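This report describes the fold of a single protein chain. Please keep the sequence and the coordinates open while reading.

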Amino acid sequence: MYTEQKLAFFYNLVNCNYALDFWVYDTRLNLISTTSKSAALLDGFFSISGCREYLKKCSQDPGSPVLLSDPVGLIWAADYEFENGQPVRIHILGPAFINSGSIPRIEKQLDLHHLSVSAKMQTLRVLEKLPLIPFSMFSQYIIMFHYCLSGERITSSHFLHQTSADPDPRSNHTDSKDHAPDTHTGIHNIEQQLLILVEQGN
């Protein structure tokens, strides 16, 4: 079975439980395709959270799945597709929420800045459609995701895990499938950038 067929099968299986989007980027992180119907806003989240920059650092030495997170509680998983020993595409799974308090916190911030009703509702409609997935379950998806791309069997200890405290991807492997990302650091900063995205109509 070809990689594309494996990924399509995996996507259908995952979406039996959760409406989780898939994204494909080239190695320079230019978007090739996505299943998301709100690509502009969610790609904006991916950028302002620092996930894009962190993934660029990881891509200098690709191989392990990358667990990406932002301070408001969104997570993504990124992994690499190789051809002839060279990375050719980056596949991303997500975003999803890992705690139920994220949307109320974002809604409160939108209210404080007196955004138009339409801008606020547009943003909340997108966020409310994102799945809330237990972190242990998301970790299992990453393991299966990696197997579809590489045929390699791994455990959660192989993940590279983004944190605000550690800029070096290779020194930051997760050591437990229950080690959820820290969602408290930098919440105010990312919420301010989120408001800019909404006000610009993204």
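The model is predicted, so local features need pLDDT of at least 70 and side-chain atom pairs count only at pLDDT 80 or more, while totals for chains, interfaces and linings use all residues. Residues are numbered from 1 along each chain as its sequence is written, and side-chain values use heavy atoms, with hydrogens and water left out.

**Overall make-up**

The chain holds seven helices and six strands. Helices (H or I, at least four residues) and strands (E, at least two) are DSSP runs, numbered from the N terminus. Read from the N terminus, the order of elements is α-β-β-α-α-β-β-β-α-α-α-β-α. The chain has 202 residues, of which 47% count as buried. Buried means under 20% relative accessible area, exposed over 50%, and partly exposed in between, with a 1.4 Å probe and protein chains only. Among contacts in the chain with a separation of 6 or more, 61% are between residues 24 or more positions apart; contact means heavy atoms within 4.5 Å.

**The sheet**

Six strands form an open sheet with mixed pairing, in the order β2-β1-β5-β4-β3-β6. Its edge strands, β2 (31–34) and β6 (160–161), each pair on one side only. Two strands pair if DSSP finds at least two bridges between them. Helix α6 (residues 135–150) packs on the sheet and touches β1, β3 (66–69), β4 (74–83) and β5 (86–97). The direction of α6 makes about 10° with that of β4, where angles run from 0 to 180 degrees between N-to-C directions and axes are lines fitted to C-alpha atoms, for helices over the stretch in contact.

Strand β1 (residues 22–25) runs antiparallel to β2, joined by three bridges. β1 also pairs with β5 in the antiparallel sense, over four bridges. The table gives bridge partners of β1 residues.

| Residue | Bridge partner | Strand of partner |
|---|---|---|
| Valine 24 | Serine 33 | β2 |
| Tyrosine 25 | Leucine 31 | β2 |
| Tyrosine 25 | Isoleucine 90 | β5 |

β1 and β2 make a hairpin with five residues between them, and leucine 29 in the turn has a positive phi of about 65°. In a regular strand the side chains alternate between the two faces of the sheet. In β1, Phe22 and Val24 point one way, Trp23 and Tyr25 point the other way, and all are buried.

**Nonpolar cores**

A nonpolar core is a set of buried Ala, Val, Leu, Ile, Met, Phe, Trp, Tyr and Cys residues joined through side-chain atoms within 4.5 Å. The largest has 29 residues, and the members touching the most others are Leu55, Val66, Leu68, Trp76, Ile90 and Ile92. Two or more residues come from each of β1, α2 (39–48), α3 (51–58), β3, β4, β5, α4 (102–112) and α5 (117–128). The largest share, five residues, is that of α2.

Isoleucine 92, leaving aside neighbours within four places in sequence, has contacts that include Phe22, Trp23 and Tyr25, as well as Phe46, Leu55, Trp76 and Phe145. A second, separate core of 22 residues includes Leu7, Ile133, Tyr141 and Phe159.

**The α2 and α3 pair**

The axes of α2 and α3 are 4 Å apart, and the two helices pack at an angle of about 65°. That makes α2 roughly perpendicular to α3, as angles of 65 to 115 degrees count as such, with those under 35 roughly parallel, those over 145 roughly antiparallel and the rest oblique. Asp43, Phe46 and Ser47 of α2 meet Cys51, Arg52 and Leu55 of α3.

**Two partly exposed residues**

Isoleucine 143 lies in helix α6 and is partly exposed, with a relative accessible area of 26%. Not counting residues up to four places away in sequence, isoleucine 143 touches Ile154, Thr155, Ser156 and Phe159. The C-alpha atoms of isoleucine 143 and isoleucine 154 are 6.3 Å apart, and the two residues are 11 apart in sequence.

Histidine 158 is in the loop between α6 and β6. This histidine is also partly exposed, at a relative accessible area of 34%. Between the C-alpha atoms of histidine 158 and proline 65 there are 7.2 Å, although 93 residues separate the two along the chain.
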